[in-house]
Amino acid sequence: MTTKRFLPFLLALLALSLVPSGSAQTPAAPAVAPAAAPAPAPKPITDADVAGAPVPTADARAKGDPDGSLTGTASDVTVTDAKKGATIGDVVNQVGQNKIAINFVWTLVTGFLVMFMQAGFAIVETGLCRAKNANHTMMMNFMVYGVGMFAYWLIGFAIQMGGVGAVANLGGTPPLNSEFTITLFGKAFGLWDRTACFLCIKAPTT
């Protein structure tokens, strides 16, 4: 009796669940972003813009520069014509000169670090020898600098810098292009520069 009473109710629920709902919403179309405004055309920098760059005043410099904001400004760019003022060419030349200067300074810094390496050798060698020989060992490490500089003056520069005339990062010195080379397995190997011995840089004669 109970089953007959609830059977129509269950059938009605089943029928309602199979009927598609009319309130189902269709997925909304994606919103189209508004077209971005075209970027303004780049404005070329002129000599007038470079000449009008702000520079610190003399009064500001006289008070010192504790935070470094007054150093390395447009006033430090080398100007070829003081009446005309700074130009784009002056700025570009300054960038190129700074590039070469930084490369050489870094080379010098790495060379100076060799002095600390030599001090380490001196400590190691004096620590591994008898006390009566420590003075001679330390003097030998100091003499290495003199012998090394003399050898560099004779042939070291020619071996190091031979053939670097075309390297723009080192200044692009054309006289250093006369390198003595040998050919092994079809490939040329540079050994030393023929015009740079005794630290002499001269243009090769033709």
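Axes here are lines fitted to C-alpha atoms, for helices over the stretch in contact, with angles running from 0 to 180 degrees between N-to-C directions. In this predicted model, the axes of helix 4 and helix 5 (residues 134–161) come within 9 Å, crossing at roughly 160 degrees. Angles over 145 degrees count as roughly antiparallel, so that is how helix 4 and helix 5 sit relative to each other. As for handedness, the crossing of this pair, helix 4 and helix 5, is right-handed.

Helix 4 spans residues 88–127 and includes Leu113. Leu113 also belongs to a nonpolar patch on the surface, alongside Val105, Trp106, Leu108, Val109, Phe112, Met115 and Phe116.

Strand 1 (residues 179–184) pairs with strand 2 (residues 187–193) over 6 bridges, in the antiparallel sense. Within this pairing, Ile182 stands opposite Phe189 of strand 2, while Leu184 has Lys187 of strand 2 as its bridge partner. The hairpin has 2 residues between the strands, and Phe185 takes a positive phi near 55 degrees there.

Notes
Residues are numbered from 1 along each chain as its sequence is written. This is a predicted model: local features need pLDDT of at least 70, side-chain atom pairs count only at pLDDT 80 or more; totals for chains, interfaces and linings use all residues. Side-chain values use heavy atoms; hydrogens and water are left out. Patches are made of residues with over 30% relative accessible area and no salt bridge: like charges are joined within 9 Å, nonpolar side chains (Val, Leu, Ile, Met, Phe, Trp, Tyr) within 5 Å. Accessible areas come from the Shrake-Rupley method with a 1.4 Å probe; for residues, only the protein chains shown count as cover. A salt bridge is a side-chain nitrogen of Lys or Arg within 4 Å of a carboxyl oxygen of Asp or Glu. Helices (H or I, at least four residues) and strands (E, at least two) are DSSP runs, numbered from the N terminus. Two strands pair if DSSP finds at least two bridges between them. Angles under 35 degrees count as roughly parallel, over 145 as roughly antiparallel, 65 to 115 as roughly perpendicular and the rest as oblique. A crossing is left-handed if the near helix is turned anticlockwise from the far one by less than a right angle, and right-handed if clockwise.
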